[in-house]
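Here is a short report on annotated spans and aromatic ring pairs. Keep the sequence and the 3D view open while reading.

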Amino acid sequence: MEILFLVVYTVEIVIRLIAHKWKAFKDPWFDFDLILVVLSFIGQIFATVLTVPSIIQQVLVLRALRLLRLIRAVRMIKQMRTIWRLVSGLLTSCNTMLSTMALLLLVLYIFAILGIEMIANDSTLKADTLTGPIIEKSFSSLWISFWTLTQFVTMDSIASIYIPLIEKKWELSIYFTLLVVIVSISLMNLVTAVLVEGALEHARQEKEEEILMSNEKVKLMIPQLKQLFEDLDKDNSGDLHQAEIEQAEREGRVVVPEHILDKASVGSMTELFLNLDVDKSGKLTCAEFIEGCMNIFLLDIPVRDMMMMKMIRLLRHGVMKIEGEIRDLKRSMVLASSAK
């Protein structure tokens, strides 16, 4: 099975190279797949020809990263989209994490140098029976001081380090306060804020992609809906009546796309017609039918609310029409009274 899948993946890589040529290397997923295929070839060669050293075995453990291909595939499943968003957010935050690590190393390095000057070189602290072992264990060299200060990033058992030193020399409270405020509080909260901002930006980009995909679907749906209306309008009157919908359902001639019925939370074309027929005139024009179906498909609001807003627009239009007629009537009455 290992060899079979390796052959399939190799053929896939070759086809993508033939199709996209050098542009294929600009796709990070292609580079990832290529690395996995190369690692698989190396593993097969060492497993069949040579005795695999332990270090090579450890490198071949990286083949387990092929599981990311599975996550990449299941991202299209609706129930798995949350997992994909988490993995995608982790991958997109790599630059942020690397920048954070570089900044954190720089800050800790500076504080380690200050620790050597202020703590390790202090003869009073080194001579004390309580602080001497702490200095010997935690601040004896720059490298050890650096790793000691990494405990302040996660606040991991640091009280046993700084409390005896501060009790012996109160000036060190300024040093440790700055260390806690800058590293443990400010920097970590700033990193969290940047990661959250990146996740929100990624979610916004996904939303924009979904809107673009919806717009593409709309371009394909409009001709389909127009043809659907013509098929339902059996008498070619230009208006779609409820009787025509019911007859089409009985005969099973025309079917509204399932995703529109699901979006509208209805189970039949007749129910869809009743929802779209806001003014209860018993008929729909082609424009009303297409506009109603498009609104149901595109808008993220309940169909009942959407129909209510349409009813309000119709009422507003009717009220404006009545107001105009009243103004015309008043104008006529004024002219009639002036003529008398």
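The report covers the basis of the model, then the annotated spans, then the ring pairs.

## Basis

This is a predicted model: local features need pLDDT of at least 70, side-chain atom pairs count only at pLDDT 80 or more, and totals for chains, interfaces and linings use all residues. Residues are numbered from 1 along each chain as its sequence is written, and side-chain values use heavy atoms, with hydrogens and water left out.

## Annotated spans

An unreviewed UniProt entry places "transmembrane region" at residues 34–62, 83–116, 142–165 and 172–196. Positions follow the numbering used here, feature names are shortened, and annotations may be inferred rather than shown by experiment.

Residues 172–196 are 100% helix and 0% strand. Their end C-alpha atoms are 35 Å apart. Residues 142–165 are 79% helix and 0% strand, with end C-alpha atoms 18 Å apart. Helices (H or I, at least four residues) and strands (E, at least two) are DSSP runs, numbered from the N terminus.

## Aromatic pairs

The structure holds ten aromatic pairs. Trp 143 and Trp 147 form one that is edge-to-face, at 5.5 Å centre to centre and 80° between the planes. Rings of Phe, Tyr and Trp (its six-membered ring) pair if their centres lie within 6.5 Å; planes under 30 degrees apart count as stacked, over 60 as edge-to-face and the rest as tilted. Both Trp residues lie in helix H9 (residues 142–149), four residues apart, about one turn of the helix.

Tyr 175 and Phe 176 also pair edge-to-face, at 5.0 Å and 80°. Ring pairs link Phe 111, Phe 152, Tyr 162, Tyr 175 and Phe 176 into a cluster.
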